[in-house]
There are 2 protein chains.
Amino acid sequence: MAAAVESFAAKGFHGTSTRDIASGAGMSPAALYVHHRSKEDLLFQISRSGHDRALAVVRDAVATSRDPREQLLAVVHAFVVYHAEDHTGARIVNYELAALSPEHLEEIAATRRQIEQEMRDLVERGVATGAFTTPNPEMTALALLSLGIDVARWYRDEGEWTPTQIADHYSDLALRMVGAA
Amino acid sequence: MAAAVESFAAKGFHGTSTRDIASGAGMSPAALYVHHRSKEDLLFQISRSGHDRALAVVRDAVATSRDPREQLLAVVHAFVVYHAEDHTGARIVNYELAALSPEHLEEIAATRRQIEQEMRDLVERGVATGAFTTPNPEMTALALLSLGIDVARWYRDEGEWTPTQIADHYSDLALRMVGAA
DNA sequence: TCCTGCGCTAAGCGCTTGCTTAGCAGGTAA
DNA sequence: TTACCTGCTAAGCAAGCGCTTAGCGCAGGA
């Protein structure tokens, strides 16, 4: 699975052959099928666990406080750190959805909707308590998620910023976006 | 080329066969090779013209004013509208870079650096004139681009918002992010 | 000592891939 | 009329694809 993550992230699902994965894992191509039903099933398992982790990251962060401002700081920080540190896995999570079977895609899409719902609820709670000011909480929530997701696209391990540095700055940007700075 | 854009955006470069493109264009597979050297060359041409367009969108917007605040509004608005209206092409521009040959990738990467430079210069001008306040102009510029780029990922033609509505809200978010709201 | 089950490999099957070849219809020009 | 383009197709080649089959070495239990 680690070899598959590496390869899918670098070359995409369709750009990766089962032989690539097998040799990355130091095995013969046939050995894959002892552990996994198909190449698509491997992608699904990776996507499944990645999405579960992303949702957990968001929910755990929300649970650290009851103050919307603190919750937003925690969520954006954790979400950004996750997308930077695990950019390899996060690339598959966010950019290889089209290769999933219709049934698998629907299951994954449900988790994505839950993540979006968490962020939307958070922004709306802040607006309701007067902590935040934004004319469109739904679109603002989407923009906050975009910021984190896109980190997985451009982040490089050898880059000049650490995941924490990026997360710190992005948390500040998030406060500004919701009018809480 | 239109058929290739459609197919690459929907299924990715490696997920698209030359037969897919040919039948999308109502031709035989061999007819592609009358007009294009290879499948990768087709991708390169699409990526090339898409990147040229993106850079032009940014530069044209910057040229509409001399005031950093107005320039930021114009750039973010135009950049977001482009990524929403041409989300099909923009998906290839942003997410199919790995399929390019090393030489083609380097050429494209140069244009991407120019786009980033435009945004960085703009934010820095705003900070210099006192119109903007941000502790890290470079990272803020990256975040502003992220916002636009990620629109291409999630935008759907049948969605509830028009490109202009999204661009209006995102322009406001941009002002907040640079501390100019 | 023998047996069973597990993790694995060598070989290969049927199919699809990117791309090439040979050739053909129809328009243009001398 | 003849010659030559241009834009296309039918057919197919070599290579690579996802996945299967048959079988092998070895650890653990009876």
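How many nonpolar, polar and charged residues make up the surface near DNA strand D? By class, this surface has 8 nonpolar, 4 polar and 2 charged residues. Here Ala, Val, Leu, Ile, Met, Phe, Trp, Tyr, Cys and Pro count as nonpolar, Asp, Glu, Lys and Arg as charged, and the others, Gly among them, as polar.

The model is a predicted one, in which local features need pLDDT of at least 70 and side-chain atom pairs count only at pLDDT 80 or more, while totals for chains, interfaces and linings use all residues. Residues are numbered from 1 along each chain as its sequence is written, and chains are lettered from A and ligands numbered from 1 in the order in which they are written.

Chain A contains 9 helices and 0 strands; helices (H or I, at least four residues) and strands (E, at least two) are DSSP runs, numbered from the N terminus. Of its 181 residues, 44% are buried, meaning that 20 or more other C-beta atoms, placed from the backbone, lie within 10 Å of a residue's own.

A residue is near the strand if its C-beta atom, placed from the backbone, lies within 6 Å of it. Of the 14 residues around DNA strand D, those that come nearest are A:Ser17, A:Ser38, B:Ser28, B:Ala30 and B:Ala31. The largest share of this surface, 4 residues, is supplied by H3(B).

The two protein chains also meet: 24 residues of chain A and 23 residues of chain B take part in the contact, defined by C-beta atoms, placed from the backbone, within 7 Å. On the chain B side, H8(B) gives the largest share, 7 residues.

Note on methods
Buried ≥ 20, exposed ≤ 12 C-beta atoms within 10 Å, placed from the backbone.
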